[in-house]
Amino acid sequence: MRQIAIFASGSGSNFQALVDAVQAGTLKANIKLLVCDQPGAFVIHRAQSAGIPAFVFRAKDYENKQAFEREILHQLELAGVDFIVLAGYMRLIGPTLLESYGGRIVNIHPSLLPAFPGKDAIGQALEAGVKISGVTVHYVDAGMDTGEIIAQEIVRITTGETRQSLQEKIQHVEHYLYPTTLNHLFLTTGY
């Protein structure tokens with residue numbers, strides 16, 4: 001069974017979906033650690049409620065990205081983590097983590113990549129006036145949402161769609177696609 005860490009920066013709705021899937025037995029993994037770069041984020045409360053340890057840090061308290069990633073790496077090793085799951089973590093993963101966990105870091109993104117990478121993909125899709133957006137699960141590499149795509153699902157944008165309504169539709173898809181994709185990945189690749 002995979003020993004995973006979830007990295008998140010915000011409210012943690014995808015974190016909660018993964019916790020729920022583990023508790024329901026539909027995601028065959030142990031969540032060993034939350035890594036969060038925002039000390040006030042609601043995801044920390046979610047982790048506490050689920051009894052999951054959290055490593056919380058402020059990037060500005062470290063000399064550079066390499067320094068805080070070395071500390072994250074140390075925390076991952078202490079927790080026995082063998083796979084990293086990004087769930088709303090708003091930082092690019094740097095060489096320190098990529099070298100140690102290359103091929104074992106995945107992310108979920110609220111668009112059909114390669115369309116609308118980076119921040120505010122929902123706003124980007126609405127501004128572009130597209131009729132289809134979606135959700136992508138992909139491997140993490142050194143780029144911004146450029147890693148190999150593992151799974152995607154379409155979300156249709158209807159006339160009069162608002163940022164909130166599209167976000168709710170996308171989150172609905174994320175909350176079942178992510179645990180399902182991870183479980184399939186763990187079972188079929190030996191990760």
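Reply: The buried residues of helix 3 are Ala-67, Phe-68, Glu-69, Ile-72, Leu-73 and Leu-76, where buried means under 20% relative accessible area, exposed means over 50% and partly exposed lies in between, with a 1.4 Å probe and protein chains only. This is a predicted model, in which local features need pLDDT of at least 70 and side-chain atom pairs count only at pLDDT 80 or more, while totals for chains, interfaces and linings use all residues. Residues are numbered from 1 along each chain as its sequence is written, and side-chain values use heavy atoms, with hydrogens and water left out.

Me: What do the buried residues of helix 3 pack against?
Reply: They pack against strand 1, strand 2, strand 3 (54-56), strand 4 and helix 4 (95-101), with contact meaning heavy atoms within 4.5 Å. Helices (H or I, at least four residues) and strands (E, at least two) are DSSP runs, numbered from the N terminus.

Me: Which strands does strand 1 pair with?
Reply: Strand 1 runs parallel to strand 2 (residues 29-36), joined to it by 7 bridges, and Ile-6 stands opposite Leu-34 there. Strand 1 also pairs in the parallel sense with strand 4 (residues 83-86), over 4 bridges, and on that side Phe-7 faces Leu-86.

Me: Why is strand 1 described as largely enclosed?
Reply: Because 6 of the 7 residues of strand 1 (residues 2-8) are buried, the strand is largely enclosed by the rest of the structure.

Me: Changing topic, where is His-109, and is it buried or exposed?
Reply: His-109 is found in strand 5 and is buried, with a relative accessible area of 4%. Strand 5 (residues 105-109) pairs with strand 6 (residues 132-139) in the antiparallel sense over 4 bridges, and His-109 stands opposite Thr-136 in strand 6.

Me: What does the side chain of His-109 make a polar contact with?
Reply: Its partner is the side chain of Asp-145, at 3.3 Å. A polar contact is a pair of N or O atoms within 3.5 Å; within protein, one must be able to donate a hydrogen and the other to accept it, and residues adjacent in sequence count only if both atoms are side-chain atoms. Leaving aside neighbours within four places in sequence, the residues in contact with His-109 include Phe-116, Pro-117 and Glu-174.

Me: And what about His-45?
Reply: His-45 is found in helix 2 (residues 42-50) and counts as partly exposed, at 41% relative accessibility. His-45 and Gly-12 are 33 residues apart in sequence and 9.2 Å apart in space, C-alpha to C-alpha.

How values were computed. Pairing = 2+ DSSP bridges.
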